[in-house]
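Subject: Structure for your review

Dear colleague,

Please find below the structure that I am handing over to you. My notes on what was found in it follow directly after.

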Amino acid sequence: MYGLRLAGIAVFLVCGCVSVDEDARDAIAALNAGDDAKAIAWSDKLADESHYSRNLGAVESGRVNMLAGNYAASEMRFRTAVDSAVERNEAGPKLKGSDIANTVMASTVTDDRTRDYYLPPYELNLALEYGIIAQILNGRLDDALVDARLSVYVQDALAETYGADVAKEGKDADATAQKIIDSQNKRLEEMISATRNSWENPVLWWLTGILFEADGQTDFAWQSYRKAAAIQPGNAVFAKDAQRAETAVTPVRGKAKLVVVYDQGYVPRRESLKIPIPIYTGMAIDIPMYSDDTMVYDNVAIAGSAGAPVAAARALDVRSLAARDLKEKLPGVIVRNVTRAAVQASAQAAVNAAGNDYAKIAVFAGNMIVSAVRKADVRSWCTLPRAQQIWCDSEMAPGTYDVTLQINGKKTVARVPLAAGETRLLWIANSRGTLRGASATIGGRGRGATDLNGKETNK
């Protein structure tokens, strides 16, 4: 009876913690089916009612509302997410503490899903990026400029502080954990090869440059363009903007400038992988993992002033950022899990030495059930795109365009109004073949936000 009671408590504690993976799968399926309301309900519940995952819920809700065209709600959610990670004060912004390099030992009968979720660096940068886009689409350009300046600070601060924490995390892993880390890192190598680290977002740098340039702050714009080009030197758009720094300003006089940010699909979701620990007989730990995954970019070309379609430039492999973030977290995750297993093994050894057969059976049963039902913490921002591409033309004549987009050989049209001297953003998200998005002015005398059919929207 004691063993069954202990087993029941263990199951309750382990299964009673937050689990979002199944619900996330359903939400993405709903988005693909056009059921935005179901996906919004999931993300809003996660943001408003979850104890451990409210920060994750905020960015999920921001992204889902953005895909649904609810830009005001999206902007609000991203503001909440960013403020949870960045403190604003009279002395300037400051990154708040997070679980970086946190290897605090947790309870034996619980798992990492009972830990508060903090936005990792790549998610924070993407929250800033999408928050800025939502502000632009919502007509709040002054706020977008404020967050552009905040983005410069955040990215510089992450580069300065996060790398040191990542290095320390790896050194703190014990020998048992290191063997597991090394074997799992091999599975991530292909995915992480597309990025230098897990916090640099060249699209965010480029977007801040566009905002600064449209506002006449060219000195700041040139710095942002150079940062983007340094991170992705093979990107033709980044390179062109960096090369013209201090020599020319866009749009060209009497013309309009159109910039396009194209989101492709959804980032892979993490899975729970169970790994036996030979030194603790019959026990296993669970760690988050990605299945082997190869990146295939959409072939995107857009027709601008030249008439013929010009290929979009590959700008950001979000899947790779997510994989690097996971690789950097694995030491702490594994150390915590191995420690829990050691505590369980010690408890079993103690009752075995005491010679109480009932207690021995009870502890053994509890340990086995906990090991069987425990799952890894697979929480991550899963409504993000798999990758981003960009395109730019700064010599478009004023007028209303049916901008032709060729995506994997199929043509589609987005109606975009352009005024002389205007810089306008066209954001497009390809959700498994369904195009969503809108355009809005960043600078100049353009009109407000319009959907892909050219109809004004104030959502």
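Which residue of β13 does Asn 430 stand opposite? The residue is Leu 435. Before the details, please note that this is a predicted model, in which local features need pLDDT of at least 70 and side-chain atom pairs count only at pLDDT 80 or more, while totals for chains, interfaces and linings use all residues. Residues are numbered from 1 along each chain as its sequence is written, and side-chain values use heavy atoms, with hydrogens and water left out.

The strands around β13

Strand β12 (residues 423-431) pairs with β13 in the antiparallel sense over nine bridges; two strands count as paired if DSSP finds at least two bridges between them. Helices (H or I, at least four residues) and strands (E, at least two) are DSSP runs, numbered from the N terminus. The hairpin of β12 and β13 has two residues between the strands, and Arg 432 takes a positive phi near 55 degrees there.

β13 also pairs with strand β14 (residues 450-451), again in the antiparallel sense, over two bridges. Ser 439 has Thr 450 in β14 as its bridge partner. In this second hairpin, with six residues between the strands, Gly 444 takes a positive phi near 100 degrees. Strand β13 (residues 434-443) is mostly covered, as eight of its ten residues are buried (under 20% relative accessible area, with a 1.4 Å probe and protein chains only).

The four-stranded sheet

An open sheet is formed by four strands in the order β7-β6-β10-β11, with antiparallel pairing. β7 (309-311) and β11 (410-418) each have a single partner strand and stand at the edges, so one side of each is left without a neighbour in the sheet. Strand β6 (residues 300-303) is joined to β7 by three bridges, and Ile 302 stands opposite Val 310 in β7.

The helix pair

The axes of helix α10 (residues 218-231) and helix α11 (residues 236-243) come within 8 Å and cross at roughly 140 degrees. Axes are lines fitted to C-alpha atoms, for helices over the stretch in contact, and angles run from 0 to 180 degrees between N-to-C directions. α10 and α11 are therefore oblique to each other, a term for angles that are not under 35 degrees (roughly parallel), over 145 (roughly antiparallel) or 65 to 115 (roughly perpendicular). The contact (heavy atoms within 4.5 Å) is made by Tyr 225, Arg 226, Ala 228 and Ala 229 of α10 and Phe 238, Ala 239, Asp 241 and Ala 242 of α11.

With kind regards

Methods: Buried means under 20% relative accessible area, exposed over 50%, partly exposed in between (1.4 Å probe, protein chains only).
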